[in-house]
Amino acid sequence: MKTLYDKIWDSHVVVPETDAPAILYIDIHLIHEVTTPQAFAGMKKRGLGVRRTDKTFATMDHSIPTSSRSLAGFDEMAAKQVQTLASNCREFGVPLYDLNSAKQGIVHVIGPELGLTQPGRTLVCGDSHTSTHGAFGALAHGIGTSEVEMVLATQCLLQRKSKNFLVNFDGHLKPGVTAKDMILALIAKIGTGGGTGHVFEFGGSAVRALDMDARMTICNMSIEGGARAGLVAPDDTTFQYVAGREFAPKGAAWDEALARWKKLPSDDGAHFDQAITIDALSLEPMITYGTNPGMAIPLTARVPAPATPEDVQALKYMALEPGQALLGHPIDVVFIGSCTNGRLSDLRNAARLLRGRKVNPRVRMLVVPGSYDVKRLAEAEGLDRVFKEAGAEWREAGCSMCIAMNGDSVPSGNTSVSTSNRNFEGRQGKGARTLLASPLTAAASAIEGCVADPRQFE
Amino acid sequence: MKVASRIVVVPQENIDTDQIIPARFLKITDKAGIGQHLFEDRPEFQVKKGSAILVAGDNFGCGSSREHAVWALKDFGFQAVISTSFADIFRQNSLKNALLPVVVDSVTHALLKQDLLVTIDLASQKLSIENGPTVSFPIDSFSKTCILEGIDEIGYILKHDSAISSFEQKRN
């Protein structure tokens, strides 16, 4: 009896684990401008080529502007980094979806869109949020630049097997509660190191009921709970999403793939090293108050008393007091986007609240589609007009304010409600104070100019 | 590999890679000089040059996969970090750059006071504290061999090239 993780692992072992780690085959390698220049430099030094240019795909997302799709007049260092990726891709024969491509976007948004992310595959990228792709029942995790070089050169990774950690969300969600609230609730419960050494498998009826965008939100933040990867067993929702996409199998190959994919879910009675069950019905919209994603509370709760020196520092940085309610706390910036919540359904959720309403004048609101394709689809259904008429900025695709290395950032001392994944000190800009929440909560807060409960609008 | 140094202690837990090296310094295309931005936004950590061993709280290196965090620590002069646990990706990145991630229990960790002389010997996997105990620490056996014998991991995988090729053929 095997888990989903066991099955994917077993089918990718080239050389089994002994004293040395296993040599694990990698089906898809996604690369971007920030974590690859030193890897390509290493390849050149060794005189090596990219082993599988048909399994390697590049895009630009972290350090690009979202104000326009041009680098003209942009930060010189960032522009050089982007150009370095382009020249490396040319030299090594790697396909690149650059700023002129209709397929460009955040690496974890375009992988699934293109049909590269498929059940049962192994997928890596030099970015910790690669865990996103686990939503399809693919084993996907972030790697460092040395490992990027390793995969470019060998299409393999030296890897020791992780443990299995089952996370069940039983029951169903209440209105106004979303996938973002589920994953924040989990991390609040187990802590940012709770999943270290493990791979999460997310199951239960509340996960089954989620669409692919929402499943990606949950798997995306697995790393914030310490697990390198998170998985959801593939089902009809998964298959419907993948079917017909550019790199998805077609015709007889599709039927074969489907038969294979249907065998992937964990066997009944398979062993998990750890397990936790969360009653979905008990969940409320969540928001963070501190400086790591585990410092999260229900939106209606009060800031807890600090238990460690780290908590004290977090509250000081956030300028929050123990016992203070977050509802009504004034904010300056709202960011909707990122590989966590920059997909079409996220934008639809935010637009549903903003339609016919205005962003509070004290708030700067940025809506950044996760990919060019998300942008195109959102515009086709008029979401861009909803955001612009409400007074929000409608931007080009990229990582934007999630990482503050691309011109989009939150000013020092300002508070943002952000749909991104990290509230670390300085993450959205030096001195910026980040409150992580769902697109619904972010939209509600933008309207009110302070942290607000989306359920008041429904 | 043996490191003997007075230690720098940052007692905080969950120090993420954004604290080690803020994202705005990731726009480089090489590794040169990245150590000058180590902990740039956390001056209160008071991490000064001259020590080769950093001691930090639990779950060190959580967050982003940026290897820049390891490069910055190395470039600054650190050869080892001691904690009660490390985030998975950071630990991997460390081992690949011969920055030793040394895990000790909380009792030993509590003994590690600022400026104490600590000796770490990779070969025997022993850590000795000045006027204190000597304890063993775990480390991945393969990574240990690679560091001690200068084995290149990519070269190691390439030796299995025929196994990779037959795996690829079998799957096609």
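## Size of chain A

The C-alpha trace of chain A spans about 55 × 55 × 45 Å along its principal axes. In chain A, 60% of the residues count as buried (20 or more other C-beta atoms within 10 Å of the residue's own, C-beta atoms being placed from the backbone).

This is a predicted model: local features need pLDDT of at least 70, side-chain atom pairs pLDDT 80 or more, while totals for chains, interfaces and linings use all residues. Residues are numbered from 1 along each chain as its sequence is written, and chains are lettered from A and ligands numbered from 1 in the order written.

## Chain B against chain A

In chain B, 40 residues are in contact with 53 residues of chain A (C-beta atoms, placed from the backbone, within 7 Å). The side of chain B that touches chain A divides into 13 nonpolar, 13 polar and 14 charged residues (Ala, Val, Leu, Ile, Met, Phe, Trp, Tyr, Cys and Pro count as nonpolar, Asp, Glu, Lys and Arg as charged, the others, Gly among them, as polar). Its largest share, five residues, comes from α3(B) (helices are DSSP runs of H or I, at least four residues, and strands runs of E, at least two, numbered from the N terminus).

## Secondary structure

Chain A has 16 helices and 19 strands.

Technical notes: Two residues are in contact if their C-beta atoms, placed from the backbone, lie within 7 Å. A residue is buried if 20 or more other C-beta atoms lie within 10 Å of its own, exposed if 12 or fewer, and partly exposed in between; C-beta atoms are placed from the backbone.
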